[in-house]
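Here is a model to walk through.

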Amino acid sequence: MSIEITSLSKNFGAFPAVSNVNLKVETGEMVAFLGPSGSGKTTLLRIIAGLEFSDSGEIFFSGENVSQKNANERKAGFVFQSYALFNHMTIFDNIAFGLRVAPRHKRLSRQKIRERVLSLLNTIQLSGLENRFPVQLSGGQRQRVAFARALAVEPRVLLLDEPFGALDAKVRRELRSWLTEFHNTTHLTSLFVTHDQEEAFEVANRVVIINKGTIQQIASPDEVRSNPANEFVRDFLALE
């Protein structure tokens, strides 16, 4: 699914969090939003997800204007840095949650839900752990469960907000490799927020560098490094 953003702006009081953003993401791309803290990248991601609404501008999913639709209507899978798992639920129940609360006319049968959850557990390489609770898993395992929960409802796009930020360096590297392999297999259009340059350059097809709510450059990792668009990009990436 493609995503097109036109003239998108969002203010919090007098603070311009996102300012006149225009962006086109092609179907199957993995795009990273990269920038310093407070640059507006998470706000932009939340607006695309339908968790926030812009003051102006429009968002299109494969040509459909979704600007006024909520998150459920957009069918965007969202993965938070903090996992946001339900600690009182088993891993199976966490992954199944979105399927069980779907409208009755869209809800799968109990058997179909079980089949999908077990399939996703296999995808995230946690088969056999469905009866454990989040506290019994490592941070990397919990983040993979968060991925599976987002994928359970078969989203049209996957949105990731600093998905590896709470993990140590070794686990982050392992999950980056896992995410790259997953994306290369599924080709699910994906956007992720990060302030980690290595992470963005390793995983993304293209990088969107953001500062003070505005896009500074959109390019492939190689192009960004070899041809920074302006002095901010050069300084942010610490390029010679």
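**The sheet and its surroundings**

Modeller: An open sheet holds four strands with antiparallel pairing, in the order β2-β1-β4-β5. Strands are DSSP runs of E with at least two residues, helices are runs of H or I with at least four, and both are numbered from the N terminus. Two strands pair if DSSP finds at least two bridges between them. This is a predicted model: local features need pLDDT of at least 70, side-chain atom pairs count only at pLDDT 80 or more, and totals for chains, interfaces and linings use all residues. Residues are numbered from 1 along each chain as its sequence is written, and side-chain values use heavy atoms, leaving out hydrogens and water.

Colleague: At what angle to β1 does helix α1 run?

Modeller: Helix α1 (residues 41-49) lies across β1, β2 and β4 (56-61). Angles run from 0 to 180 degrees between N-to-C directions, with axes fitted to C-alpha atoms, for helices over the stretch in contact (heavy atoms within 4.5 Å). The angle to β1 is about 120°.

Colleague: What is the phi of Ser62?

Modeller: Most residues other than glycine have a negative phi. Ser62 lies in the loop between β4 and β5. It is not a glycine, yet its phi is positive, about 50°.
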